[in-house]
Amino acid sequence: MSIAPNFFGNRRTNVFDPFSLDVWDPFQDFPFSSSALSMPRSELSKETSQLANTRIDWKETPEAHIFRADLPGVKKEEVKVEVEEGRVLQISGERSRETEEKNDKWHRVECSSGKFLRRFRLPENTKMDEVKAAMENGVLTVTVPKVEEKKPEVKSIQISG
């Protein structure tokens, strides 16, 4: 029994367990009739949360923009890093699901699996033709060098008088 009232249908909630509800989908039981949404709502919700679950840090240094993505259990062959027109960096791939045995009893599944996709529009000061990517210990690092800024030339003027 939950202390908080349950206003949103049959949700598993427990105010004392932060992991009892991963992502709340307000449209979970909403009847969609569109043929574009051919998969069940629960499957669509899982797919959406997996796309959003890929954590990526973006930091800017004086020399480059650096992206770091935590991708535990994903091989570099399963990841694609692409540069699109309009200075868009796209990182995508697929994390495979662990095979289930008939006798297995899962108590909690918090590790996501499935496809992921993240896109970032880069600033104009980037060298899109010099992008480099490396993967080590489940961390993808993408480095996008920046165009060197020309420092304004300062000329000293002598004051007469």
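Predicted model: local features only at pLDDT ≥ 70, side-chain atom pairs only at ≥ 80, totals over all residues.

Student: What is the mean pLDDT of the protein chain?

Tutor: The mean is 75, and 67% of the residues reach 70 or more.

Student: Why is L122 called buried?

Tutor: Buried means under 20% relative accessible area. L122 has 1% relative accessibility, so L122 counts as buried.

Student: Where is L122, and which residues does it touch?

Tutor: L122 lies in the loop between β5 and β6 (132-136). Setting aside residues up to four places away in sequence, L122 touches W58, F67, R87, L89, M128 and V144. As for H65, L122 is 57 residues from it in sequence and 8.6 Å away in space, C-alpha to C-alpha.

Student: What makes S92 buried, too?

Tutor: The cut-off is again under 20%. S92 has a relative accessible area of 11%, so S92 is buried. S92 sits in strand β4, and beyond its neighbours within four places in sequence it is in contact with E78, V79, K80, F116 and L117.

Student: How much of the whole chain counts as buried?

Tutor: Of its 161 residues, 23% do. The accessible surface comes to about 13,300 Å², and 51% of that belongs to carbon and sulfur atoms.

Student: Which residues of the largest nonpolar core touch the most other members?

Tutor: That core has 14 residues, and F67, L71, V79, I91, L140 and V142 touch the most other members. At least two residues each come from β2 (64-70), β4 (88-95), β5 (114-121) and β7 (139-145). The strand that gives the most is β7, with three residues.

Student: What does I91 touch, residues up to four places away in sequence not counted?

Tutor: I91 touches I56, V79, K80, F116, L117, R118, L140 and V142. V79, L140 and V142 are also among the core residues named above.

Student: How many of the contacts join residues at least 24 apart?

Tutor: Among contacts between residues at least 6 apart in sequence, 51% do.

Key:
Residues numbered from 1 in each chain as written. Heavy atoms only, no water. Core = buried A, V, L, I, M, F, W, Y, C linked by side-chain atoms within 4.5 Å. Buried < 20%, exposed > 50% of the residue type's maximum accessible area, 1.4 Å probe, protein only. Helix = DSSP H or I, 4+ residues; strand = E, 2+ residues; numbered from the N terminus. Contact = heavy atoms within 4.5 Å. pLDDT = per-residue confidence, 0-100. Areas by Shrake-Rupley, 256 points an atom, 1.4 Å probe, with all protein chains shown as cover.
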